[in-house]
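Hello,

Here is the structure I promised to pass on to you. Have a look at it first, and then read on for what turned up in it.

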Amino acid sequence: MKRTSAAILALLTCFTAAGCSFSEWPYDNDSIAVQEPVIRIVVNSLGMNFPEGMDENNNPYLTYIEKNIGVQVNVTLPPLNGYDEKLNVIMTSREPPDLLNTSNPSWFINFVNQKALTPLNDYIEKYGANLKAKIPKEAWDNVTVDGHIYAIPSMNEVKGTEIVYARKDWLDKLGLQPPRTIAEYTVVMKAFAEGDPDGNGVKDTVGLSILERLGRTSPFLGAFGVQMNAWYERKGKLVYSGILPEMKDALLYLRSLYDQNILDPEFPLNKIDVLGEKIASGKVGLYSAAWSDTRTHIAANRKNDPKAVWIPLDFPIGPNGKHGVYSTSNVRSYNVVPIKSQNAEAVVKFLDFIAGPGQTSLKLGFENEIWTKVNGKLAIRFDEHTKHGYRGIYGSLVDTAERDITRDRLEGLGEQFHLYDNLQRIESNLMEDRFNGPPTPAMGKHHVKLSKLQDETFTRIIAGVSPIEEFDAFVKKWKDAGGDEITGEVNEWWRETGK
């Protein structure tokens, strides 16, 4: 009653006072809605689907975020194919959104070079307490150029990705032991290609299958002491892995597998769904799996063939005793605010909530709906967990890589999948990439063309279209087309950081 009387008195005062406008009228918060800020975001769908009746702008997890931050969030999910190209178009529009998310460091630095991104230091200082607490210095260093923070990073939850898995039932049938050296691997893969391991009397299995652009080759490259797209120290300087003699040796090995009909001849066309289908259908018995494949492609194969038994293998040891797999960057993706946006404050509040109070629900789902704790362990309702997997679209924007949550989540998904064990096995075999600074300006200028040159050259060499000598010509082309410029900037960072 007192609040109503006060409002009436204020209204009468306003009508009798000269110069009073409706914008100065005090109102009752309970009866007149306050206009919430609105931010428009463009993010990656991660290939997720929504339950019937829901979409990226209408679901309980987005509502949960909006209610907690007092900001309305309008979401756009571009198609996965050509995602960064779509972001390019959006960035050049008259009214770009308030937030864009990319996992491409070269895309990020290219727009830093163009001065098209908002420096976020002051906004993080005022509204990013959780971001500052949860994201380590090395990740902030990755998004800082000339002292300005141009992105809020999402952390990689895992330190490495690939682990070799093989069909033990095929090994047993062919009288073979799990391989350890690269030579033993070759023997096993040749037997899987030629020895009819599935027993159907048809030569329809391959010894090894990989992805287009040399995806899923990390353990085999590691046997020669090299990984794709990494920087290693040689004589006190950093050198790009793709031009090292070790890479030439690795390509020569993969070429030998192709020449012996061990390597899947369709590898240049293998996207992940194609490779997954080959594994699920029983055409592949050994490959470099993602750590999570035991719950996807391998699980699908075991469902199709209950006799299938898959085991992890030791990483292959090469002729010089080398072995290992690539290490991921500590930054998984970049959240940037275009310079034309007027809503950097609201964007930082949005991301700060995801990093802080919202992290558990967005990663695990709502407690008592999707999971509960039973005897100290996470018990997950798998139907609801899968149904609402889309929550990762929002949660992954600021993944803070908290070890306890990761372990509980992975073990809760089923100990039979060995997900956490896979990560531990990978982490004990990582090959360190010595460059972990922000992308350099030259990377922004030259990355796309250099990546295309590398992918095409390496694929042609392995598939026998080009001779191995083409590698030496590639090295010169790479250096001349911007590689030397990138190398100079990388080594300048190396000197400045005192590495």
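Helix H15 (359-364) and strand S15 (377-380) each give at least two residues to the lining of the largest cavity. Helices (H or I, at least four residues) and strands (E, at least two) are DSSP runs, numbered from the N terminus. On a 1 Å grid over the protein atoms alone, a cavity is a set of points where a 1.4 Å probe fits but cannot get out, while a pocket is an open set with protein on both sides within 12 Å along at least five of seven lines; lining residues have an atom within 4 Å of a point. The volume of the largest cavity is about 30 Å³, where a volume is the space filled by probe spheres set on the grid points, which are joined across faces, edges and corners. Around this cavity you will find Lys 363, Leu 364, Ile 370, Trp 371, Leu 378, Ile 380, His 385, Arg 391 and Arg 409. By class, five lining residues are nonpolar, one is polar and three are charged; Ala, Val, Leu, Ile, Met, Phe, Trp, Tyr, Cys and Pro count as nonpolar, Asp, Glu, Lys and Arg as charged, and the others, Gly among them, as polar.

Before going further, please keep in mind that this is a predicted model, in which local features need pLDDT of at least 70 and side-chain atom pairs count only at pLDDT 80 or more, while totals for chains, interfaces and linings use all residues. Residues are numbered from 1 along each chain as its sequence is written, and side-chain values use heavy atoms, with hydrogens and water left out.

Of its 25 lining residues, Thr 144, Val 145, Asp 146, Pro 438 and Trp 493 are the closest to its centre. Two or more lining residues come from each of H4, helix H7 (137-142), strand S4 (144-145) and helix H21 (470-496). Which element gives the largest share of this lining? That is H21, with four residues. The lining divides into nine nonpolar, eight polar and eight charged residues.

Now for the sheet. Five strands form an open sheet with mixed pairing, in the order S2-S1-S3-S13-S6; two strands pair if DSSP finds at least two bridges between them. Strands S2 (72-76) and S6 (152-155) stand at the edges with a single partner each, so one side of each has no neighbour in the sheet. S6 and strand S13 (residues 331-336) run antiparallel, joined by four bridges, and Ile 152 has Asn 335 in S13 as its bridge partner. Helix H4 (residues 105-113) packs on the sheet, touching strand S3 (99-102) and S13; contact means heavy atoms within 4.5 Å.

Strand S1 (residues 38-42) runs parallel to S3, with two bridges, and Val 42 stands opposite Leu 100. On the S13 side, S3 pairs in the antiparallel sense over three bridges, with Thr 102 opposite Tyr 334. Are the faces of S3 buried or exposed? Leu 99 and Asn 101 on one side, and Leu 100 and Thr 102 on the other, are all buried (under 20% relative accessible area, with a 1.4 Å probe and protein chains only; over 50% would be exposed, and in between partly exposed).

Enjoy exploring!

Notes
Axes fitted to C-alpha atoms, helices over the stretch in contact; angles between N-to-C directions.
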